[in-house]
Amino acid sequence: MTIPQSPAQSPDFAAFAQAVRGARTCRRFRESAAVSLAMLQALVDTARVCPSGANRQPLRYAACVDPVRNAAVFPHLRWAAYLKDWGGPLPGERPAAYIAVLCDKKGSPTPEIDLGIAAQTIQLGAHALGLGCCMIGAFDRDGVRAALGLDTPDFAELDLVLVLALGVPAETRVLDAVGDDGDIRYHRDADGAHHVPKRSLSSVLLLAHGGGDVLTE
């Protein structure tokens, strides 16, 4: 295998970088566009082989594509804290599927790292399948557990830590540069496109030793 000397020489990296930029948080979906359970199972199957601290593999998953259960989950979710005048997706814009992520209480040295790796893997996988994904950490845990049937003794040793909302995207998402005012709050423009400010490479790459001056924005 030949290792490229620059990212420009690797089509695989270019495709990966494009996927990362395209897999933005999505909060409005085509609710009527069904998502198959097989797609969710494939996403979980990919996440389960990700790196895990001490290989403890503490994460468990509950998948749902059932419209009745989806409707029961939705009221317990909190959406877009920066959008003060928006109460969440309207009927017809709501997720067509959910993956709830749970963590075994018996412990792992780095459960939050495992969670981040798995969630990002699922989001990237969803993007590859033409789906949008929203990682939701603000929700009524008891309500979501009841809606998904996770409120029984069988699941008592599992903490519900994250809800992933999925569906066919129904909004445009745009990456912007953080302005001179340093404001990192996402917002929507007059056409409803969702804008997400991101810090520049030069502001986050603090040190780069050796190899010459290759920093580009």
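D104 is buried, with a relative accessible area of 13%. Buried here means under 20% relative accessible area, exposed means over 50%, and partly exposed covers what lies in between, with a 1.4 Å probe and protein chains only. The model is predicted, so local features need pLDDT of at least 70 and side-chain atom pairs count only at pLDDT 80 or more, while totals for chains, interfaces and linings use all residues. Residues are numbered from 1 along each chain as its sequence is written, and side-chain values use heavy atoms, with hydrogens and water left out.

D104 belongs to strand β2, residues 97–104. Helices (H or I, at least four residues) and strands (E, at least two) are DSSP runs, numbered from the N terminus. The side chain of D104 makes a polar contact with the backbone nitrogen of K106, at 2.9 Å. Such a contact is a pair of N or O atoms within 3.5 Å; within protein, one must be able to donate a hydrogen and the other to accept it, and residues adjacent in sequence count only if both atoms are side-chain atoms. Leaving aside residues up to four places away in sequence, D104 touches P58, R60, E157 and L158. Contact means heavy atoms within 4.5 Å.

K105 forms a salt bridge with D159, the closest N and O atoms being 3.7 Å apart. This pair links distant parts of the chain: K105 is in the loop between β2 and α4 (111–128), D159 is in strand β4, and 54 residues separate them. A salt bridge is a side-chain nitrogen of Lys or Arg within 4 Å of a carboxyl oxygen of Asp or Glu. K105 is partly exposed at 46% relative accessibility. D159 is partly exposed too, with a relative accessible area of 35%.

By this rule the count comes to six salt bridges. R48 pairs with D45, and the closest N and O atoms are 2.4 Å apart. R48 is exposed, with a relative accessible area of 51%. D45 is partly exposed, with 40%. Another bridge joins the side chains of D183 and R185, 3.0 Å from N to O. D183 is partly exposed at a relative accessible area of 26%, and R185 is partly exposed at 47%. Salt bridges that share partners also join R28, E171 and R188 into one network. Side chains of opposite charge can pair when their charged atoms come close.

Now the helix α5, residues 141–148. Its residues G143, V144, R145, A147 and L148 are buried. What covers the buried residues of α5 includes β1 (59–64), α3 (67–73), β2 and β4 (158–167). At the start of α5, a side-chain oxygen of D140 reaches to within 3.2 Å of the backbone nitrogen of D142. Just after α5, G149 takes a positive phi of about 75°.

I136 touches L77, R78, W79, L162, V163 and A165, not counting residues up to four places away in sequence.

The whole structure holds three aromatic pairs. F74 and W79 form one that is tilted, 5.9 Å centre to centre with 35° between the planes. Rings of Phe, Tyr and Trp (its six-membered ring) pair if their centres lie within 6.5 Å; planes under 30 degrees apart count as stacked, over 60 as edge-to-face and the rest as tilted. Both F74 and W79 are buried.

Last, a sheet. Three strands form an open sheet in the order β5-β7-β6, with mixed pairing. The edge strands are β5 (173–177) and β6 (187–188), and each pairs on one side only. Two strands pair if DSSP finds at least two bridges between them. β5 and strand β7 (residues 194–198) pair in the parallel sense over five bridges. V174 has H195 as its bridge partner in β7. Strands of a sheet pair through backbone hydrogen bonds, either parallel or antiparallel.
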